[in-house]
Amino acid sequence: QQADFKSYDFETLRRTMVAYLKENYPDDFNDFVESSEYVALIDLIAYISQALSFRVDLNARENFLETAERRNSVLRLARLINYNASRNKPATGMLKIDSISTTQSVQDSTGTNLANSTIIWNDGANSNYREQFTAILNAANQTGQLFGNPRESGTIGGVTTEVYTLSSNQLDLPIFKFQKSVGGVSRSFEIVPSTITDSDSIYESSPVPGTGLTYTYRSDGSGDSSNNTGFFFLFKQGTLQQSDFTVDTSVTNYVKSLDASNINNTDVWLYKLDQSGQLSESWAKVPTLSGNNAIYNSLSKAERNTYNVVTKNNDSIDLVFGDGNFSNIPLGSFRLYHRISDNAKYAIQPSDMQNIQVAVPYTDANGAQQTLTMSMGLQASVYNSAATESNDSIKEKASQVYYSQNRMITAEDYQVVPLSASQE
């Protein structure tokens, strides 16, 4: 009752124990010389008590979002109130084709053979550049997708956009890699197939081996010299990887952990495999929004093959599946595609991405193997990369998004909800 244990540091613990002994055992022990063995024991007990107290207090702090410091603790506490932290976001943009050539014998309207000739877009010295450009691409496109008859069309950002598919003959994914130095750092990029289906933007198609590489034709009405008029390919920073796994027994709320680091926030696709190891069906990723999970989500009620992606430390992920009532339990072999991207915020200037050479092997209408060679360049700066969400950002936004309930009513809601969609 005499001891004061409000402070748990070494000096206070030692002082209070000595005071307790002097108060209660003055006759049994009065040797407080520093070299005394009993004083050494007091020092040891004070040291151990300080260490234990520190760890107890540290663990207690990790149980509250406001005071937690460990990344794992912050992520788990945020998930407790249904906030899934954003992982890194890859730089994404459009590369415009500057020049093009093919090994195939292609003739323009004047009878000129364009095989192995380099055609430059908006070439002032060549009045037939547009016709020759489209003639070469028509020869490399899949059957039925001649220029003017695209597989998809629409208006994206006020610019007329058409999507075409090359008859590329790769058996693997139609992705082409290149390296560029951005801000003095060498970064990996990939040219990926694009689509505009059910979207107001150009985005990456789901990866399926053996499908052709797609590109877009865009026209803003300002002539061929405009940066927004011409033929474009979508690119992303990072490297697409795959991971196969098998679920042998039905388990409700099954969790598949993927320990790879720096998995970006957007590029995760899951497929179920058939007996021959081919992709048989696609599973839908539940949107990372407040109130969405593998059991309750905003997808169509008919969509039962769903999973949720949960962010973990170092931008690794967990795939969380349903309970069999609201969504199907996974069973069998699966393939997960995911892109590893640089965990950094940076800007890409047009001067950083010029003279990118891409050679696409394709099969012509006669079944012969040909090569389409293109030189591309960036026309507009790209600023959309982002690092993984910081602990401070999670602490600030998690409780606010939970409070707003994913709707905007009050003035505060209008400040908070947009932040949950993007860190920018």
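Helices (H or I, at least four residues) and strands (E, at least two) are DSSP runs, numbered from the N terminus. The structure is a predicted model, in which local features need pLDDT of at least 70 and side-chain atom pairs count only at pLDDT 80 or more, whereas totals for chains, interfaces and linings use all residues. Residues are numbered from 1 along each chain as its sequence is written, and side-chain values use heavy atoms, with hydrogens and water left out.

H4 is mostly covered, nine of its twelve residues being buried. The buried set consists of Tyr129, Gln132, Phe133, Thr134, Ala135, Ile136, Leu137, Ala139 and Ala140. These residues pack against strands E1 (92-102), E2 (119-120), E9 (214-219), E10 (230-237), E18 (356-363) and E19 (369-378). Apart from neighbours within four places in sequence, Gln132 is in contact (heavy atoms within 4.5 Å) with Asp108, Leu114, Ile119 and Asn126.

Two packed helices are described by the angle between their axes and the distance between the axes. Axes are lines fitted to C-alpha atoms, for helices over the stretch in contact, and angles run from 0 to 180 degrees between N-to-C directions. Helices H1 (residues 10-24) and H2 (residues 37-61) have axes that come within 8 Å and cross at roughly 135 degrees. The two helices are therefore oblique to each other; angles under 35 degrees count as roughly parallel, over 145 as roughly antiparallel, 65 to 115 as roughly perpendicular and the rest as oblique. H1 passes H2 in a right-handed crossing. A crossing is right-handed if the near helix is turned clockwise from the far one by less than a right angle, and left-handed if anticlockwise. On the H1 side, the contact is made by Phe10, Leu13, Arg14, Met17, Val18 and Leu21, and the residues of H2 include Tyr38, Val39, Ile42 and Asp43. The contact of H1 with H2 comprises eleven nonpolar, two polar and two charged residues. Ala, Val, Leu, Ile, Met, Phe, Trp, Tyr, Cys and Pro count as nonpolar, Asp, Glu, Lys and Arg as charged, and the others, Gly among them, as polar.

The axes of H3 (residues 71-80) and H5 (residues 391-404) come within 10 Å and cross at roughly 20 degrees, and these helices are therefore roughly parallel to each other. Their crossing is left-handed. Arg71, Val74, Leu75 and Ala78 of H3 meet Asn391, Ile394, Lys395 and Ala398 of H5, a set of five nonpolar, one polar and two charged residues.

H5 also packs with H6, at an angle of about 120 degrees and with the axes 9 Å apart, in a left-handed crossing. Lys397, Gln400, Val401, Tyr403 and Ser404 in H5 meet Glu412, Asp413, Val416, Val417, Leu419 and Ser420 in H6. By class, five of these residues are nonpolar, three polar and three charged. The loop between H5 and H6 (411-421) contains Met408, which at 37% relative accessibility counts as partly exposed. Met408 touches Asp413, Tyr414, Val417 and Pro418, residues up to four places away in sequence not being counted.

How values were computed: Buried means under 20% relative accessible area, exposed over 50%, partly exposed in between (1.4 Å probe, protein chains only).
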